[in-house]
Amino acid sequence: MMTTRRQSILALVAAAALGALGPVAVQAQEQRMVIGTIQAPTAPETKAAEFFAQEVGKRTSNRIRVNVVPASQLGPAAEQIQNVRIGAQDMFIDDISWNAQLVKEYGVLAVPFAINGQKGFNQVMDSALGDAWRKRLRDEFGLETLSDRFMRSARVVFSTRKVSSPTEMNNMRFRVPEIDVYFNSWRAIGVNPTPVPWGELYLALRQGVVEGGEGPFTTILPTKFPEVAKFVLETNHLYSANTVLINAKKFAALPAADQQALREAAAGAEAHYMKLVHEQETDHREQMRSKFGVSFVQPTPEQRNAFRTRVENAVASFESKGLWPTGVYSKVIAAQK
């Protein structure tokens, strides 16, 4: 059930959306938009959204003003994406893997160890595969992609007890986003995947509902997980990116100059975000170690290969379950060669 605050915010967003879907002649007037995040106010994703808002204002002489609403105040990720689809919310920024709930092919990007670093990710998204996925997202689901290259820091495992191998994680109560590929990949690794909204994960770790989770390295400290999860296993199992989605009808109704302004603002925010990530990784590591006593665990090559093998052995079953069309995983691997 939505809180009164969230209902109030969405009511304001919906009113702005209705105005923005009017005649093109109206678009030259001042309008307000909202971009939601599920991350903490100090997280790089939220800071990037704030930079985006500033850039939009500059590039449109403040005719378009963007308000940033962080920390899941507009709901969990899936709910915010639905809000954008129906026009009750203008924009959303977070992990591109959420797109797999709509266009299944995106799910391959969430398979641990499938992407070979930032270069491999860009190779896939620059290919015909990436172009086709974005087109389907727009044409079939009403979501325009402003950017999908906000490269996050590599994803790692954080936990309340020390682990370093799949064997040590067998049946571990492990928070996984409500994305089919995440669920199935981590189940193949051997954990007990447990759905917990990101905004509720701190309490779940503290109360022992889950023993661990995984996410980009730079999201751990802002969410205060080190207060309750004292171990980080640096699997670097996934290289992914955030994407900025906007209601496609609203975007199409904007004048070409405003569309360009939004895209340029997103590109600027993308560069700003990646700079923040680079600067924060070293700083966050030191803070987690010195202030919270976090232990960083490096898996051996053999342990890392054990994780990879468990996932790769399950890929055929993922395709048989319809998580994505047969052959897409092979094309993603091939695109990186």
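Q: Let's start with a pair of strands: in which sense do β3 and β10 pair?
A: Keep in mind that this is a predicted model. Strand β3, residues 91-95, pairs with β10 in the antiparallel sense, over five bridges. You can pick out one of the residue pairs too: Asp95 has Asn242 in β10 as its bridge partner.

Q: What is the order of the strands in the sheet?
A: The sheet is open and has five strands, in the order β2-β1-β3-β10-β4, and the pairing is mixed. An edge strand pairs on one side only, and here that goes for β2 (64-69) and β4. On average, neighbouring strands are turned by 20 degrees against each other, ignoring direction.

Q: Which strands does α4 lie across?
A: Helix α4 lies across β4 and β10, and runs at about 160 degrees to β4. Helix α9, residues 256-292, lies across β2, β4 and β10, but its angle to β4 is about 25 degrees.

Q: Why do some residues of a helix point the same way?
A: An α-helix has 3.6 residues a turn, so residues three or four places apart point the same way. Now take α4, residues 117-125: Gly117, Gly120, Phe121, Val124 and Met125 are buried. Looking down the axis of α4, you'd find these buried residues within an arc of 130 degrees, so they line one face of the helix.

Q: And what do the buried residues of α4 pack against?
A: They pack against α5 (128-141), β4 (143-151), β10 (241-247) and α12 (328-335).

Note on methods. Residues numbered from 1 in each chain as written. Predicted model: local features only at pLDDT ≥ 70, side-chain atom pairs only at ≥ 80, totals over all residues. Heavy atoms only, no water. Buried < 20%, exposed > 50% of the residue type's maximum accessible area, 1.4 Å probe, protein only. Helix = DSSP H or I, 4+ residues; strand = E, 2+ residues; numbered from the N terminus. Arc of directions from axis to C-beta. Contact = heavy atoms within 4.5 Å. Pairing = 2+ DSSP bridges. Axes fitted to C-alpha atoms, helices over the stretch in contact; angles between N-to-C directions.
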